[in-house]
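Biologist: Could you take me through one part of this model in detail? I'd like a close look at the place where the chains meet.

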Protein chains: 2
Amino acid sequence: MPRPTKQTPERGSARQRLLEAARDVIRAKGFAATSVDELCAAAGVTKGAFFHHFASKEALGIAAAEFWGSSTGALFAGAPYHAPTDPLDRVLAYLDFRRLLIGGETWQWTCLVGTMAEEVHQTHPDIARACGEAIFGHAATLEADIALAMAQHGISEPSAASLARHTQAVLQGAFVLAKAGGGVEAGQEALDHLKRYVELLFRKGET
Amino acid sequence: MPRPTKQTPERGSARQRLLEAARDVIRAKGFAATSVDELCAAAGVTKGAFFHHFASKEALGIAAAEFWGSSTGALFAGAPYHAPTDPLDRVLAYLDFRRLLIGGETWQWTCLVGTMAEEVHQTHPDIARACGEAIFGHAATLEADIALAMAQHGISEPSAASLARHTQAVLQGAFVLAKAGGGVEAGQEALDHLKRYVELLFRKGET
DNA sequence: GTGATAATACCGACCGAATGGTACGGTCCC
DNA sequence: GGGACCGTACCATTCGGTCGGTATTATCAC
């Protein structure tokens with residue numbers, strides 16, 4: 001395997017490959033149970049490269065959380081659920097889109113930052129902070145549509161920000177139940193309840 | 001410290017103390033990041049005692065999940081939310097009770113089996129299985145009241161079992177968001193949304 | 001009751017493997 | 001040449017787990 005250079009980064013620089021490996025391996029095994037050696041092997045990189053790009057394992061965790069935030073941010077920004085002209089329809093389309101993403105092995109559709117936050121919130125506060133920014137940052141991208149829909153339906157009860165956060169809470173809970181043995185069905189079920197909640201909320205106020 | 005005997009178990013046998021230490025330490029630091037030595041120190045017990053009672057660290061994880069299931073089971077069985085005569089009131093009182101339990105340091109009011117399931121679902125399937133039994137077993141204790149309330153209100157749409165599971169999903173999600181920086185408020189907020197969902201569901205069908 | 005026996009509960013030094021991290025040298029591009 | 005980038009060998013520590021031994025208790029014949 002030829003060394004990738006700046007001109008020919010092949011399948012990405014070592015840093016990029018390490019972040020991608022971290023995204024997948026940590027989702028499956030957790031942060032603490034994933035060793036640096038294992039990460040290097042998965043990325044096809046040596047330890048020297050690892051500690052050249054990251055000062056410590058904790059630094060990689062923080063970078064992985066940020067990487068997750070930006071890559072999922074791009075995914076959702078380009079997703080088709082923004083198409084509907086009605087803001088409530090866009091919110092419901094987002095939930096449908098999230099439901100569509102559920103499938104395959106559990107580690108493939110669950111959330112890196114949720115997993116890491118739960119695990120390291122006491123031992124590595126800086127990682128937890130980065131995870132929180134990714135989660136609440138994503139929630140914030142939903143706020144505008146929710147606020148528009150609420151205004152259109154004359155609803156003010158739960159704030160748009162609060163409802164946006166709640167969607168993420170339900171999603172994270174769905175991941176936990178799926179990992180606890182509920183599988184794909186547990187995830188879909190939780191999203192069905194969440195969609196029903198939103199529909200009931202907005203049906204109450206009507207147009 | 002005198003050796004505790006069967007006649008004078010002092011503050012519990014070594015096994016009991018280890019399970020209690022595991023309950024608290026693993027909730028704070030996670031399963032993988034908690035060492036056997038650390039557990040022994042927290043329990044005031046030596047390594048010999050640990051491996052006398054548990055064949056491996058994984059076996060302790062399974063036992064801790066079962067211990068969590070039975071001790072929380074006793075807590076909820078004796079809780080006051082069973083008092084109301086109306087089944088829907090009992091369900092809502094359960095949610096109020098769960099909200100009341102939120103307070104203090106995050107590790108004190110979050111869920112051991114949720115944390116462990118998320119972390120070890122791939123690496124230690126047997127632990128994840130035990131965690132799943134605790135979670136879904138607790139959900140099952142809510143089913144009867146939910147089913148009664150649904151019958152009374154003429155509702156059949158989401159099954160009682162599904163709604164019971166969803167309460168646990170929202171709770172687990174609340175824990176994740178709390179650990180990601182949302183704190184106590186994030187937990188309370190999620191439970192408020194969950195209660196509103198249940199109220200909307202049952203208001204729709206009325207009596 | 002008493003002594004012998006077996007089983008249980010526990011102690012703590014020790015082990016090999018794996019861990020996160022470092023030192024240092026080489027290679028490539030500007 | 002100088003710095004970014006990466007490879008290899010190595011280090012100190014910590015990890016889960018083992019093992020020989022001791023103290024305490026339960027059992028039971030007598």
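This is a predicted model: local features need pLDDT of at least 70, side-chain atom pairs count only at pLDDT 80 or more; totals for chains, interfaces and linings use all residues.

Modeller: Across the interface, 45 residues of chain A are in contact with 45 residues of chain B. On the chain A side, the elements that each give two or more residues are α1 (14-29), α6 (106-109), α7 (112-120), α8 (125-152) and α9 (160-205). The largest share comes from α9(A), with 23 residues. Sort that side of chain A by residue type and you get 22 nonpolar, 15 polar and eight charged.

Now for the symmetry. Turn chain A by 180 degrees, with a shift of 0.0 Å along the axis, and it can be laid on chain B with an RMSD of 0.0 Å. That is how a two-fold axis relates things. Of the residues of chain A, G173(A) comes closest to the rotation axis, its C-alpha being at 1.8 Å. As for the surfaces involved, 100% of the interface residues of chain A are interface residues in chain B too, so the copies meet through the same surface.

One residue deserves a zoom. The largest nonpolar core has 125 residues, and C131(A) and C131(B) touch the most other members of it. Setting aside neighbours within four places in sequence, C131(A) is in contact with A65(A), V113(A), M116(A) and A117(A), and also with A180(B) from the other chain.

Technical notes:
Residues are numbered from 1 along each chain as its sequence is written. Chains are lettered from A and ligands numbered from 1 in the order in which they are written. Two residues are in contact if their C-beta atoms, placed from the backbone, lie within 7 Å. Helices (H or I, at least four residues) and strands (E, at least two) are DSSP runs, numbered from the N terminus. Ala, Val, Leu, Ile, Met, Phe, Trp, Tyr, Cys and Pro count as nonpolar, Asp, Glu, Lys and Arg as charged, and the others, Gly among them, as polar. A nonpolar core is a set of buried Ala, Val, Leu, Ile, Met, Phe, Trp, Tyr and Cys residues joined through C-beta atoms within 7 Å. A residue is buried if 20 or more other C-beta atoms lie within 10 Å of its own, exposed if 12 or fewer, and partly exposed in between; C-beta atoms are placed from the backbone. Copies are superposed by least squares on the C-alpha atoms of residues with pLDDT of at least 70 in both.
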